[in-house]
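Subject: Handover of a structure

Hello,

I am passing this structure on to you.

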Amino acid sequence: MNHRALYRYLGAALLGCAVNLAGAGAALAQNFPTRPIELVVPFAAGGGTDAMARAMSDASRTHLPQAVVVLNKPGATGAIGLTEVANAKPDGYKLALITVEMVIIPHLNLTKTTYESFTPIIQLNADPSAITVPANSPYNTVEEFLAAARAKPESLQVGNAGTGSIWHLAATALEDKTGAKFNHIPFNGANPAVLALLGGHIDAVTVSPAEVIQYVKAGKLKTLAVMADQRVPGFENVPTLKERNIDLSIGTWRGIAAPKGTPQPVLDKLGQAFRAAAGEESLKRFMKEQNLGYVVADQATFTALMQRDNAMFKALIDKFGMRQQ
């Protein structure tokens with residue numbers, strides 16, 4: 001067999017394999033699912049991410065012939081649960097409830113599992129960082145707050161949800177954009193940081209609006225700005241940073257993803273079911289009651305968001321030397 005004939009033979013063989021794989025994927029999707037689907041939450045039960053996963057599971061009951069079963073696999077800032085799903089058989093029966101930590105923790109050297117280990121199916125939530133201070137704070141605008149941080153570097157104590165957390169990175173990004181310099185105070189989660197702010201132990205937090213709204217409504221805290229493209233429901237009187245000529249939009253997000261290599265017909269079937277579930281009034285009501293930003297984005301849009309944030313957080317972590325050895 002000469003080289004030209006060999007290339008034709010190999011090309012035909014590869015084409016045949018591709019056709020067979022596509023056919024196998026379509027056949028799998030036709031009967032999918034025939035057993036319950038596992039939705040792994042890489043955090044402990046009882047938190048906001050877990051509650052959202054369970055609300056989504058309930059909403060999907062009428063849109064899938066099998067149940068979506070929520071399993072909590074906490075540990076290592078989400079790395080344990082994410083790695084388990086990334087290494088699972090890519091057949092659509094084990095999915096992950098992914099969060100923004102997916103594009104942060106690999107750059108902190110906490111896991112080798114990256115967003116590229118997954119194919120996103122649907123985004124369900126997005127919440128920006130909100131710069132919040134006590135109600136009796138001398139700062140009434142974000143300009144005053146930043147001016148004080150520039151005038152006396154590291155004099156303002158800004159609480160976050162832990163070193164390398166999304167809210168730590170939000171404050172760091174604000175420093176990077178404005179030349180301010182904060183004294184970053186890490187806590188074991190956003191709620192302890194907010195409680196410290198209420199107790200007068202720190203000067204500000206950069207957590208989500210959902211985590212401060214009850215105290216803002218009660219007149220105990222005030223939010224100076226949100227790091228979003230548009231104003232946030234419930235905070236209609238609070239400007240965005242972009243309105244203050246600071247080009248910064250940063251925050252958390254949540255969604256559902258499958259292991260890389262899951263057949264596209266299966267992804268399409270899951271995407272269709274989850275989009276229908278996201279439209280259920282029960283889920284919309286849950287998101288509103290929990291003050292969670294309700295966002296529904298498809299596979300392509302969600303992928304673009306993950307790519308953008310992955311690049312942004314890598315640059316921030318490298319620039320400020322946060323990578324753990």
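Below is what I found, from the overall layout down to single residues.

**Overall**

Please keep in mind that this is a predicted model. The protein has 325 residues, and 49% of them count as buried. It contains 10 helices and 11 strands. Taken along the principal axes, the C-alpha atoms fill a box of roughly 80 × 50 × 35 Å.

**The largest pocket**

Start here when you look around. The largest pocket has a volume of about 1,100 Å³. Its lining is made up of 41 residues. Which of them lie nearest the centre? They are Glu 101, Ala 161, Gly 189, Ala 190 and Glu 211. Several elements give two or more residues to the lining: α2 (48–59), α5, α6 (190–198), α7 (213–217) and β10 (251–259). By class, the lining divides into 18 nonpolar, 18 polar and 5 charged residues.

**A helix pair: α5 and α10**

Helix α5, one of the elements of the pocket lining, also packs against another helix. Two packed helices are described by the angle between their axes and the distance between the axes. Helix α5 covers residues 166–178, and its partner α10 covers residues 299–319. Their angle is about 75 degrees, and the axes are 11 Å apart. Angles of 65 to 115 degrees count as roughly perpendicular, so α5 is roughly perpendicular to α10. On the α5 side, the contact is made by Ile 166, Leu 169, Thr 172, Ala 173 and Asp 176. On the α10 side, Phe 313, Leu 316, Ile 317 and Lys 319 take part. The contact has 6 nonpolar, 1 polar and 2 charged residues.

**Backbone points to check**

Most residues other than glycine have a negative phi, and most peptide bonds are trans.

- Pro 33 sits in the loop between α1 (3–31) and β1 (37–41).
- Thr 77: its phi is positive, near 55 degrees, and the residue is not a glycine. Thr 77 lies in the loop between β2 (68–72) and α3 (79–86).
- Asn 109: phi is near 65 degrees, again a positive value in a residue other than glycine. Asn 109 belongs to the loop between β3 (94–99) and β4 (118–128).

Leaving aside neighbours within four places in sequence, it is in contact with Phe 43, Glu 101, Ile 105 and Leu 110. Glu 101 is also one of the residues nearest the centre of the largest pocket. Arg 231 is another matter: it is 154 residues from Thr 77 along the chain, and their C-alpha atoms are separated by 29 Å.

Phe 286 is in helix α9 (residues 281–289). Its relative accessible area is 14%; the cut-off for buried is under 20%, so Phe 286 is buried. Setting aside neighbours within four places, Phe 286 is in contact with Ala 51, Met 52, Ala 55 and Leu 292. Phe 286 and Ala 51 are 235 residues apart in sequence, yet 9.1 Å apart in space, C-alpha to C-alpha.

Ala 126 is part of strand β4. With a relative accessible area of 29%, Ala 126 is partly exposed. Not counting residues up to four places away in sequence, it touches Thr 252, Trp 253, Gly 293 and Val 295. The C-alpha atoms of Ala 126 and Ala 228 are separated by 9.8 Å, and the two residues are 102 apart along the chain.

That is the set of notes. Over to you.

Best wishes

Methods. Residues numbered from 1 in each chain as written. Predicted model: local features only at pLDDT ≥ 70, side-chain atom pairs only at ≥ 80, totals over all residues. Heavy atoms only, no water. Axes fitted to C-alpha atoms, helices over the stretch in contact; angles between N-to-C directions. Helix = DSSP H or I, 4+ residues; strand = E, 2+ residues; numbered from the N terminus. Parallel < 35°, antiparallel > 145°, perpendicular 65-115°, else oblique. Contact = heavy atoms within 4.5 Å. Nonpolar A, V, L, I, M, F, W, Y, C, P; charged D, E, K, R; others polar. Buried < 20%, exposed > 50% of the residue type's maximum accessible area, 1.4 Å probe, protein only. 1 Å grid on protein atoms, 1.4 Å probe; cavity = no way out; pocket = protein on both sides within 12 Å on 5 of 7 lines; lining within 4 Å. Points joined across faces, edges and corners; volume = space filled by probe spheres on them.
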